Amino acid sequence: MNRTTLSLIAGTAALAAVTGLATLTEPAPAADTAKAAAVLPVERTSLLCPQPSSSDLAETTYTSFTPVTEGTDSDGTAELLSATMESSADDSATDDDSATDDSASDDEDKDDEEKTAAKPVLTPKAPGTPVTAEVSGGDTPALMGTAEGKYAPGWTVQETTQVSAGTGRGLLGVTCTAPDTEFWFPAVSTAADRTDYVYLTNPDDSAAVADIELYGKDGAVTTTVGEGLTIPARSSEPILLSTLTDEKRDDLTLHVNVRSGRVGAAVQALDDKLGGDWLAASTDPAGSLVVPGIPKDASAVRLVAFVPGDADADLKVQLASSSGLITPAGHETLRIKGGMTTAVDLGDITRGEPGSLVLTPTGGSVPVVAAVRVVRGEDEKQESAFIPAAAAVGTRASAVGNTAKGTTLSLTAPEGTAKVKVTASAGTGGGTAASKTYTVKSGTTQDVEIPVPAGLKGTFALTVEPLTDTPVHAARTLAESVDGLPGFTVQTLPDDRGTVAVPEADEDLTVLQE
């Protein structure tokens, strides 16, 4: 008889705390052998930032921030490194193994290259204080980052780029994301006036393989090279969507499915007339969705939704305004056929008030994904941005790179009245943190008056923490004039996954494998 003793509690607790990717729910304990699950800070977080722009006029700022979290270790690290540089260093090592030893100087050159590859783009000062780094031009690579110890829980990195002219000019912003295996992007395009790239970044030491699918109003769009795309180890690949198909269409849904490995994914959508911005992935398919933080001065809003399955979805469309839930005239419901993308123009739906779209099933619940394209400005001075459907804040979420002027924080509570604490961190160049607590009434969206750090120098982070169990959704808008154009970008604030629930036990529970 072969007996192996496995420590179930110790093993799962260590895995959950280190990765931050699992929430464990303990079964009913027997005879007081286990306690309630403990909430612990994660010990390691990975983030991926796409290549910011190919424009020589691009000016990009990276901002890194970790909120203060109780129970963390006293030490830790957080670094953002170039994906391209790391990949080239790995390739050099491979070449060394296969080539003859020509000279000692060649080895020295490769050592220098590896040292360059290991140099971080920016490193943190301390939890609670953001740091920034600035780069210029169109050759900035994608970045890969890892935070450990006290810097891991809630680590947030923002990539914000100004492009003063050309296709996609304006203010482009994206929150760097964790690697995953599936992504949905409603509202992409292969039309002649759009240049949409999906950036796939592989953080691991082996190649990843992904399939890319496009869906339009009639279902799947025929693609030529969308299957089995290889993303080399520790590198990033930009894929122009219009090269995947001969069809020129707006209002498409992009599906990225990673069959081997994992990647980070984001879409950069550049318009000839309406500027450009990043489109982040929609939250996972769900029967009810919230698209938070539509700017109150939006001149046009276009909703794009898709049903991944075969069943049709019938949705009630509502706007959570500053006064409550309202139904837009003429757009009371939306029918989406299974496997097809549906788009609808909602016009200036917010009409000078902050708003969030709330999509709920009229009958049976069918999982959907959604996003909106928002336009601000008039005539030739128009700019566009995208807001995906987003998960609730959950325990905590942060938005970084904020300024005292030009930052709007939108909070919505579609299911009931909620209390929310918002903390403004110290600035990147100095200042003292400040906090405020807000009450968000049921079914409303509020653009809250954000706290500003005393003695602020530089930019600061905003951390949102619901104080009640009612779901709260949040979005942050950055607005800044770019050569006279009303540049803006919107990022949603889903849960930062800074903590994980781990069962505790009075005594070790074991599983005997015979």
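The following conversation walks through a predicted model and the reasons behind some of the terms used for it.

User: Hello! What is this protein built from?

Analyst: Welcome! The protein has three helices and 39 strands. Of its 514 residues, 49% count as buried. The protein exposes about 22,300 Å², and carbon and sulfur atoms supply 48% of that area. Among contacts with a separation of 6 or more, 82% are between residues 24 or more positions apart.

User: How do you know that C49 and C176 form a disulfide?

Analyst: Two cysteine sulfur atoms count as a disulfide when they lie within 2.5 Å. The sulfur atoms of C49 and C176 are 2.0 Å apart, so the pair meets that cut-off. A search of the whole structure finds one disulfide.

User: What makes this disulfide right-handed?

Analyst: The torsion about the S-S bond of C49 and C176 is about 110°, and the disulfide is therefore right-handed.

User: Which parts does the pair tie together?

Analyst: C49 belongs to strand β3, while C176 sits in the loop between β9 (170–175) and β10 (182–188), so the bond links parts that are 127 residues apart in sequence.

User: Why are C49 and C176 called buried?

Analyst: Buried means under 20% relative accessible area. C49 has 0% and C176 has 5%, so each one counts as buried.

User: Why is D251 called partly exposed?

Analyst: Partly exposed covers the range between the buried limit, under 20%, and the exposed limit, over 50%. D251 has a relative accessibility of 21%, so it counts as partly exposed. D251 lies in the loop between β15 (235–240) and β16 (252–260).

User: And what makes R497 exposed?

Analyst: The cut-off for exposed is over 50%. The relative accessible area of R497 is 55%, so R497 is exposed. Its place is the loop between β37 (485–492) and β38 (499–505).

User: Why are β3 and β5 said to stand at the edges of their sheet?

Analyst: This open sheet of three strands has the order β3-β7-β5, with antiparallel pairing. β3 (44–49) and β5 (76–82) each have a single partner strand, so one side of each is left without a neighbour in the sheet. Neighbouring strands here are turned by 10° against each other on average, direction ignored.

User: How do you know that β5 pairs with β7?

Analyst: Two strands pair if there are at least two bridges between them. Seven bridges join β5 to β7 (residues 143–149), so these antiparallel strands meet the requirement. Within this part, E79 stands opposite T146 in β7.

User: What makes a group of residues a nonpolar core?

Analyst: The largest one has 30 residues, of which L303, L357 and V372 touch the most other members. Strand β21 (residues 313–320) gives this core its largest share, four residues. A second, separate core has 28 residues, including V198, V221, L252 and L279.

User: Which residues does V372 touch?

Analyst: Leaving out residues up to four places away in sequence, V372 touches V291, V301, R302, L303, L357, A385, F386 and I387.

Terms used: Residues are numbered from 1 along each chain as its sequence is written. This is a predicted model: local features need pLDDT of at least 70, side-chain atom pairs count only at pLDDT 80 or more; totals for chains, interfaces and linings use all residues. Side-chain values use heavy atoms; hydrogens and water are left out. A nonpolar core is a set of buried Ala, Val, Leu, Ile, Met, Phe, Trp, Tyr and Cys residues joined through side-chain atoms within 4.5 Å. Buried means under 20% relative accessible area, exposed over 50%, partly exposed in between (1.4 Å probe, protein chains only). Helices (H or I, at least four residues) and strands (E, at least two) are DSSP runs, numbered from the N terminus. Contact means heavy atoms within 4.5 Å. Axes are lines fitted to C-alpha atoms, for helices over the stretch in contact, and angles run from 0 to 180 degrees between N-to-C directions. Accessible areas come from the Shrake-Rupley method with a 1.4 Å probe; for residues, only the protein chains shown count as cover.
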